[in-house]
Amino acid sequence: MGKIIAIANQKGGVGKTTTAVNVAASMAATKRKVLLIDLDPQGNATMGSGVDKYSVENTCYELLIEEKPVEEVLIKETSGKYDLIAGNSDITAAEIKLMEVFAREVRLRNALAPVKNYYDYIFIDCPPSLNQLTVNAMAAADSVLVPMQCEYYALEGLTALMDTIKKLASVVNPQLKIEGVLRTMYDPRNRLANDVSEQLKRHFGDQVYRTVIPRNVRLAEAPSFGSPAMYYDKSSTGAKAYLALAGEILRRSKSNQTEKIS
């Protein structure tokens, strides 16, 4: 069974797209079949995958509004070795048009149903707001991965986000759960970052990934070269951290399956 993970945080600038691109590439490097969906009108995950968002023919707009089959909107050749459904400013129009269509909350879920079991993992890069696009991602996903910086305001926002996810789950997807909380742009020399990290672990326990994504120049540079960090500089601490995160997600998934069987 394929697994769909929405990568979401209503706060911008927390490393959400960086996480989407790099965890997708890291999973693909472990020989898993991976699809990345860029549901953000900014189209940064598309550009970070080596695809020009300005010249791409089909995006999530065609998938959600024109109801084109997934096979017709897929881009196979990406720099991260995963498949991609691109995003650009057209998705802003999709959000508006979704307000007018029947069963608007489950458009993405229905579109992905034919290919869900073809892929081992489908990652959805959500926009940094709680709109119809994010609701579609939550309705389609099995779980939500929440990237966050270790700072005071991020901690406040995380509690609100968790409440929102629970409310959305009760309305559109009762099976939705938290995949994990990922600490990003982490600087161990920063006392506040360490304090917030400890608070996170106290509040959310095992939901917080052991893997921590450090502040890393190579991670910041890679998107401008249209490449995930592991193909831009595989020896960088950022690339290694995302490979470690992929390994942790796989181990958790295996552990959960073992628990279900037993």
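Start with the rings: this predicted model holds 3 aromatic pairs.

Select Tyr-118 and Tyr-119. Their ring centres lie 4.9 Å apart with the planes at 90°, so this pair is edge-to-face. Colour the two by accessibility. Tyr-118 is partly exposed, at 44% relative accessible area. Tyr-119 is buried, at 2%.

Next, pick Phe-225 and Tyr-232. This aromatic pair is stacked, with 4.9 Å from centre to centre and 25° between the planes. Phe-225 is exposed, with a relative accessible area of 57%. Tyr-232 counts as partly exposed, at 27%.

Now select residues 3-178. An unreviewed UniProt entry annotates this span as "domain: AAA". Its end C-alpha atoms are 13 Å apart.

Move on to helix H9, residues 191-204. Its 14 residues reach 20 Å from first C-alpha to last, close to the 20 Å expected at 1.5 Å a residue. Show side chains. Ala-193, Val-196, Ser-197, Leu-200 and Phe-204 are buried. Look down the axis: the buried residues fall within an arc of 105°, so they line one face of H9.

What do the buried residues of H9 pack against? Strand E5 (143-149), helix H8 (152-172), strand E6 (177-186) and strand E7 (208-214).

Finish at the helix ends. At the start of H9, a side-chain oxygen of Asn-190 comes to within 2.8 Å of the backbone nitrogen of Leu-192. Just after H9, select Gly-205: its phi is positive, about 55°.

Note on methods:
Residues numbered from 1 in each chain as written. Predicted model: local features only at pLDDT ≥ 70, side-chain atom pairs only at ≥ 80, totals over all residues. Heavy atoms only, no water. UniProt positions renumbered as here; feature names shortened; annotations may be inferred. Helix = DSSP H or I, 4+ residues; strand = E, 2+ residues; numbered from the N terminus. Expected span 1.5 Å × (residues − 1). Buried < 20%, exposed > 50% of the residue type's maximum accessible area, 1.4 Å probe, protein only. Arc of directions from axis to C-beta. Contact = heavy atoms within 4.5 Å. Polar contact = N/O pair within 3.5 Å; in protein donor to acceptor, adjacent residues only side chain to side chain. Phe/Tyr/Trp six-rings, centres within 6.5 Å; stacked < 30°, edge-to-face > 60°.
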